[in-house]
Amino acid sequence: MTTTARRRRAATSRAGAPVGFVLLAALAVGFLAIPLIGLLGRTPWGTLGAELATPRVLLALRLSLICSLGAVAVSVLLGVPLAFLLARVAFPGRNIVRALTTLPMVLPPVVGGVALLLAFGRRGLVGQWLDRAFGITLPFTTAGAILAEAFVAMPFLVITVEAGLRAMDRRFEDAAATLGAGRWLTFRRVTLPLIAPSLGAGIALCWARALGEFGATITFAGNLPGVTQTMPLAVYIALETDLEAAIALSLVLLVISLALLIALRDRWFPTA
Amino acid sequence: MSLAAELGLTLGELELEVELAVGTGELVVLLGPNGAGKTTLLRALAGLVPLRQGRVVLDGVVLDDVAAGEHVPTEQRPVGFVFQDYLLFPHLTALENVAFGLRARGLAKTEARHRAAAWLERVGLAAHTRSRPRALSGGQAQRVALARAMVSDPRLLLLDEPLAALDAATRTEVRRDLRRHLASFDGTRLLVTHDPLEAIALADRLVVLEAGHLTQTGTPAEVSAQPRSRYVAELVGVNLYRGLADGRSVRLPDGGAVVAADLNYGEVFAAIHPHAVALHRQPPEGTPRNVWSGTADTLEVIGDRVRIRVTGLVPIVAEVTPAAASELHLGDGGPVWATVKATEVTVYPA
């Protein structure tokens, strides 16, 4: 064997992977892909339009849109200022607040639902006061479903926007200040446009999470068709009564997820 | 009316202690090595960095007075700032960038755009009003930044390395334009650079900042004639020694001595131009007043001259012709003797 050939073989073997890894990795890909193929295989393509047009499915679709967009609105309104404070103001206990903010990402959603019930339920910490003072009840209402989705989805927006604010060149804000812009004007006209990609990604992630929310919603808001029965809940119920409707709804959620993935691909998978 | 600043601040490793006065209509260039605190000083004057102590007064208006607890926030200071890399807002057009300050200060939209357009025309960018910063060349971006800083008639114009981001070819041209625009500005001007050429080309007065402290101030001619620090001496290319004069002799702290033609007493600087230094391979005969032995160290070709660094008790840089350098085999290193006539030594008080 010549020296070059030996060297080349050494180079390829170092760049390659243990044989076992290739096998296990192929298994992993199959494990992730086969269920999706199964879903596509069982999809009643001929009657898909009719399935999606049934009143029950349309109701769930409409409600899911309202709730998820409502949750995004709540998350943006509260989450952007929170992200700003976390990124820019060194207040005492900042790390604790950040941990608290991200907790719903790892918390089992059903636990979130129970916690929401204890806080905003009729006899809850805040709930009883809301009920007495304003006559507002949240559990088992659409507003409650929005709340449950926002609870679970907001962290995705907060951490994405915070990362954007940290990555941004703050001297642009200095430049705005030297041009006579106060803090609010600077935020609106300089900071916000500069972090627009992060905000967009945060909104997309937040929306995707809200759209798929199941555990917290069913625990806190229940499963009332047209009121709190969003798509994931409808899928779960339909699975027992009407499999074709369940598959059709699942397909819609799958398509939305894929679309989001494609929209965010530059952010997550920069072409190497 | 003018700028009077006396301030101290700490920022990371940097300790800035500066007393600075700039007259109206005067263009002061702040020169110093990287990390000296030049940018920090400008940012402090703009109110972007908090002071630990001190006072900043512009045209009789107190902008900062730590002792009295006064601080005018950046957005309320009549200050224009040209940042080193311009920091044009990437999401706005050139016109919107220039109009930004006018809008922020409450001018109506049409009026702001009108004035911004007039300024862009003034800096020769009438054709680029709708361009985004990304589409502008370095020189164009610099002119937009200048227009943006000057459009709202600030009383103090701060420019941080306005030419550093440009390539050498465009720099000369942009510098000429900058000079013209700066000349048309009637407020107080302070420009920062680490490029001595730029400093000399633009400055009415030079202020040298090193490690957070001002080490020298004067006209470019004064500063280059009598450098007061190693940094300035190296910039203008002279050998600089500091020592104790007792008549014609200046005793250096490391034990050597420099002999001058005239009488001086006390702490002094002694400056020697490299071209006044002669080098020999043998101990020289005759009567030059200064003879130092040493070792030929690094060799550098500058134009049609060769610079040799000689290490020894009195380290010195000599400048000789290439012919002399090759005749003496200076490239080989080895022992040399450097001689300087007493009349070639400039001595001035430290």
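These legends accompany a set of close-up views of a predicted model.

**View 1. Confidence along chain A, from one helix to another.**
Chain A has a mean pLDDT of 89, with 93% of its residues at 70 or more. Among the elements of chain A, the lowest mean pLDDT, 53, belongs to helix α1 (residues 3-15). The highest, 96, belongs to helix α9 (residues 171-178) of chain A.

**View 2. Helix α2 of chain A, with a kink at Ala33(A).**
Helix α2 of chain A covers residues 19-42. Look along the helix for a kink of about 30° at Ala33(A), shortly before the proline Pro35(A). How many of the 24 residues of α2(A) are buried? The count is zero, and the helix is hardly covered.

**View 3. Helix α6 of chain A and its buried face.**
Here the helix runs over residues 109-120 of chain A. Buried in α6(A) are Pro109(A), Gly112(A), Gly113(A), Leu116(A), Leu117(A) and Phe120(A). Where do these buried residues sit when α6(A) is seen down its axis? They fall within an arc of 140°, so they line one face of the helix. The spacing has a simple background: an α-helix has 3.6 residues a turn, so residues three or four places apart point the same way.

**View 4. Chain B as a whole, for orientation.**
Nine helices and 19 strands make up the element list of chain B. Its C-alpha atoms fill a box of roughly 80 × 45 × 35 Å along the principal axes. Of the 350 residues in chain B, 41% are buried.

Strand β1 (residues 2-11) of chain B pairs with strand β4 (residues 53-58) of chain B in the antiparallel sense, over six bridges. Strand β4(B) also pairs with strand β5 (residues 61-65) of chain B, again antiparallel, over four bridges. Arg55(B) is a handy landmark: Glu6(B) stands opposite Arg55(B), and in β5(B) the bridge partner of Arg55(B) is Asp65(B).

**View 5. Two residues of chain B with a positive phi.**
Most residues other than glycine have a negative phi. Asp59(B), in the loop between β4 and β5 of chain B, has a positive phi near 50°. The hairpin of β4(B) and β5(B) has two residues between its strands. Tyr86(B) also has a positive phi, of about 70°, and is found in the loop between β7 (79-82) and α2 (94-104) of chain B. Tyr86(B), by contrast, is buried, with 22 other C-beta atoms within 10 Å.

Five strands of chain B form an open antiparallel sheet in the order β14-β18-β15-β16-β17. Its edge strands are β14 (278-280) and β17 (316-320) of chain B, each pairing on one side only. From one strand to the next, the twist averages 45°. Strand β16 (residues 305-312) of chain B is joined to β17(B) by five bridges, and the two strands form a hairpin with three residues between them. Along this pair, Val306(B) has Val320(B) as its bridge partner, while Val310(B) stands opposite Ile316(B). How many of the five residues of β17(B) are buried? Five of the five are, so β17(B) is largely enclosed by the rest of the structure. Ile316(B), Ala318(B) and Val320(B) are buried on one side, and Val317(B) and Glu319(B) are buried on the other.

**View 6. The three-stranded sheet of chain B.**
This open sheet has the order β12-β13-β19 (chain B), with antiparallel pairing. At its edges are β12 (239-251) and β19 (345-349) of chain B, and each pairs on one side only. The twist averages 40° from one strand to the next. Strand β13 (residues 257-272) of chain B pairs with β19(B) over five bridges, and among the partners to look for are Val268(B) and Pro349(B).

Notes. Residues are numbered from 1 along each chain as its sequence is written. Chains are lettered from A and ligands numbered from 1 in the order in which they are written. This is a predicted model: local features need pLDDT of at least 70, side-chain atom pairs count only at pLDDT 80 or more; totals for chains, interfaces and linings use all residues. pLDDT is the predictor's confidence in each residue, from 0 to 100. Two strands pair if DSSP finds at least two bridges between them. Axes are lines fitted to C-alpha atoms, for helices over the stretch in contact, and angles run from 0 to 180 degrees between N-to-C directions. The expected span of a helix is 1.5 Å times one less than its number of residues. The bend at a residue is the angle between axes fitted to the seven residues ending there and the seven starting there. A residue is buried if 20 or more other C-beta atoms lie within 10 Å of its own, exposed if 12 or fewer, and partly exposed in between; C-beta atoms are placed from the backbone. The arc is that of the directions from the helix axis to the C-beta atoms.
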